[in-house]
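Open the model in your viewer and keep the selection tool at hand.

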Amino acid sequence: MELYKNFEHEIRQLQMGFSQPTVSGNQTTRYHQTLEQGRAALDELSVILERHVIRLQQMSNSQNVKHLVSDSPIRKHADQFCGHLQTKYFDIVETDDKELVAIRKSLNRRVHMILSRFD
């Protein structure tokens with residue numbers, strides 16, 4: 001389906017743009033930059049997902065598209081990208097800094113919220 005191919009292309013582009021964090025400065029600054037870049041990637045993923053969910057709703061004439069997305073390439077690629085973000089952006093932030101820990105936890109919760117929309 002053309003919609004899935006378009007989504008796959010957009011996710012690949014997103015992955016290329018967020019393959020690794022680009023950071024500099026001391027460790028705390030690098031961690032902040034890493035988490036901020038991960039947040040930006042989640043923002044972009046959310047926009048892409050929303051756009052494709054709306055298209056699916058229009059194509060299927062249905063408000064409930066969970067059944068169309070749950071086993072689709074959209075879910076598979078979103079899962080893979082979120083796993084990439086967790087590995088490359090969130091899990092590498094190992095610190096006792098309460099603010100950074102809270103941000104990391106918040107971003108990991110957001111990943112689960114994004115993906116659970118389609119469960």
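At the start of H2, which backbone nitrogen does a side-chain oxygen of Asn-26 reach? Select Asn-26 and Thr-28: the oxygen comes to within 3.1 Å of the backbone nitrogen of Thr-28. Bear in mind that this is a predicted model.

Next, select the whole of helix H2, residues 27–60. H2 contains 34 residues, and its first and last C-alpha atoms are 49 Å apart, close to the 50 Å expected at 1.5 Å a residue.

Now show the largest nonpolar core, a set of 31 residues. Leu-42, Leu-45, Leu-49, Phe-81 and Phe-90 have the most contacts inside this core. Colour helices H1 (2–17), H2 (27–60), H4 (73–90) and H5 (98–116), the elements that each give two or more residues to the core. H2 provides the largest share, nine residues.

Centre the view on Leu-45. Beyond its neighbours within four places in sequence, Leu-45 is in contact with Ile-11, Leu-14, Phe-81, Cys-82 and Ile-114.

For the last stop, select Phe-18 and Tyr-89, both of them buried. The structure holds one aromatic pair, and these two residues form it, edge-to-face, with 6.4 Å centre to centre and 65° between the planes. Phe-18 sits in the loop between H1 and H2 while Tyr-89 belongs to helix H4, so the pair ties together parts 71 residues apart in sequence.

Definitions and conventions:
Residues numbered from 1 in each chain as written. Predicted model: local features only at pLDDT ≥ 70, side-chain atom pairs only at ≥ 80, totals over all residues. Heavy atoms only, no water. Core = buried A, V, L, I, M, F, W, Y, C linked by side-chain atoms within 4.5 Å. Buried < 20%, exposed > 50% of the residue type's maximum accessible area, 1.4 Å probe, protein only. Helix = DSSP H or I, 4+ residues; strand = E, 2+ residues; numbered from the N terminus. Contact = heavy atoms within 4.5 Å. Expected span 1.5 Å × (residues − 1). Polar contact = N/O pair within 3.5 Å; in protein donor to acceptor, adjacent residues only side chain to side chain. Phe/Tyr/Trp six-rings, centres within 6.5 Å; stacked < 30°, edge-to-face > 60°.
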